[in-house]
Amino acid sequence: MMNETIIERINNNLSVLGMKHTFENIDHYLDAAIKNKTPMIDFLDLLLDREAKGKINRSVENQIRMAGFPGRKTFELYDFSFQPQIDIDMINDLRTLRFMSNAENIVFLGTPGVGKTHLAIALGILAIEHKYSAYFVNCHMLIQNLLKASHENRLEDRLKQYSKYKLLIIDEIGYLPTHIEGANLFFQLIARRYEKHPTIFTTNKNFGEWGDIFQDLTISSAILDRVLHHSTVVKIIGESYRLKERKEFMASKQNR
Ligand SMILES: Nc1ncnc2c1ncn2[C@@H]1O[C@H](COP(=O)(O)OP(=O)(O)OP(=O)(O)O)[C@@H](O)[C@H]1O
Ligand SMILES: [Mg+2]
């Protein structure tokens, strides 16, 4: 067999090393470097920098996919002027992700359609961009999963899974009632994450109503105590963005 050429070896090695970006663009880089007489150090710097950035982007995209967000909601997509009563200083502080290193919880509490889920996802995406692991789960689904695991004798694994994320987002607390067995399991998860890893909650129920959600006053106070001990509560009482979009849609139909 003939010896491989240098360029074949380069391509093989790029492929073995998983340097996807360089592998796909090597000709372009070489042409430009020859044309511009690029110094070797600049050439190497450019290649490695682009490759590393590509790799980081792919990994962030991957993690965002794995996190289970129901949509890609960012701070840039949120119109703060539509919800003027939001404490913007509080939001800006949350955006520093200080709550992550302090293991502080966040509760988005408010009326329907004001963007509680939207802002929770936005923080989740931000956390992932800063190399934290994050996972989004609907409260009812979470409790169903814990119940199922418990009945199948693999509760410990499930609890471990949900406890390991650096950030867990539990959406829609109290939208559906929870039986005492579910409440107990939910408490176990909250107790595990307490003071270790932060959790973001969204809810439309005032804390006084949490007793009704979990149908047991002792369990619900034990849960609330841990949720609120180190926490930021973001209250959003305002007009529903869903209704605004609906109104605009109806208006545009009438004008036609
Ligand atoms: N201020 C806003 N700017 C832009 N989009 C918004 C804003 N508020 C809400 N939305 C959008 O409106 C929809 C409803 O918001 P979201 O689901 O976050 O509401 P929610 O507070 O979680 O309501 P619910 O209590 O019913 O779950 C989403 O598509 C969200 O992206
Ligand atoms: Mg919601």
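Which helices each supply at least two residues of the lining of the second largest pocket? Keep that in mind as the tour begins. The model on screen is predicted.

**Stop 1: the second largest pocket**

Select α1 (6-16), α2 (20-36) and α3 (40-66). Each of these gives at least two residues to the lining of the second largest pocket. That answers the opening question. Colour the lining by class. The space in the second largest pocket is about 260 Å³.

**Stop 2: the largest pocket**

Move on to the largest pocket. It holds about 510 Å³ of space. Its lining counts 23 residues, and G113, G115, T117, H118 and R242 are the closest to its centre. Select those five and centre the view on them.

Next, highlight two helices, α6 and α12. Both supply at least two residues of the lining of the largest pocket. The largest share, 4 residues, comes from α6. Colour by class again. The lining of the largest pocket splits into 9 nonpolar, 8 polar and 6 charged residues.

**Stop 3: ligand 1**

Select the shell. It has 15 residues, and those that come nearest to ligand 1 are D79, K116, T117, H118 and Y175. By class, the shell around ligand 1 has 6 nonpolar, 4 polar and 5 charged residues.

Now zoom in on the oxygen atoms of ligand 1.

- K116: a polar atom of the side chain is 2.7 Å from a ligand 1 oxygen.
- K73: a side-chain N or O atom is 3.0 Å from an oxygen of ligand 1.
- V114: here a polar backbone atom is 3.3 Å from a ligand 1 oxygen.

How much of the 640 Å² that ligand 1 exposes when taken alone does the protein bury? Show a surface over the protein and look for the ligand. The protein buries 88% of that area.

**Stop 4: the cavity**

Go to the cavity next. Rolling a probe the size of a water molecule over the atoms shows where empty space is left. How many cavities of 30 Å³ or more does a search of the whole structure find? There is 1. About 40 Å³ of space lies in the largest cavity.

To find it, select N105, I190, R193, Y194, E195, H197, T199, F201 and R226, the residues that line the largest cavity. Then show α9 (180-193) and β4 (199-203), the elements that give two or more residues to this lining. The lining of the largest cavity divides evenly by class, with 3 nonpolar, 3 polar and 3 charged residues.

**Stop 5: T96**

Finish at a single residue. Where does T96 lie? Look in the loop between α4 (88-95) and α5 (98-101), where T96 is found. The backbone oxygen of D93 is 2.5 Å from a polar side-chain atom of T96.

T96 and L126 are separated by 30 residues in sequence. In space, their C-alpha atoms are 9.3 Å apart.

How values were computed:
Residues numbered from 1 in each chain as written. Chains lettered and ligands numbered in written order. Predicted model: local features only at pLDDT ≥ 70, side-chain atom pairs only at ≥ 80, totals over all residues. Heavy atoms only, no water. Near = heavy atom within 4 Å. Polar contact = N/O pair within 3.5 Å; in protein donor to acceptor, adjacent residues only side chain to side chain. Areas by Shrake-Rupley, 256 points an atom, 1.4 Å probe, with all protein chains shown as cover. Nonpolar A, V, L, I, M, F, W, Y, C, P; charged D, E, K, R; others polar. 1 Å grid on protein atoms, 1.4 Å probe; cavity = no way out; pocket = protein on both sides within 12 Å on 5 of 7 lines; lining within 4 Å. Points joined across faces, edges and corners; volume = space filled by probe spheres on them.
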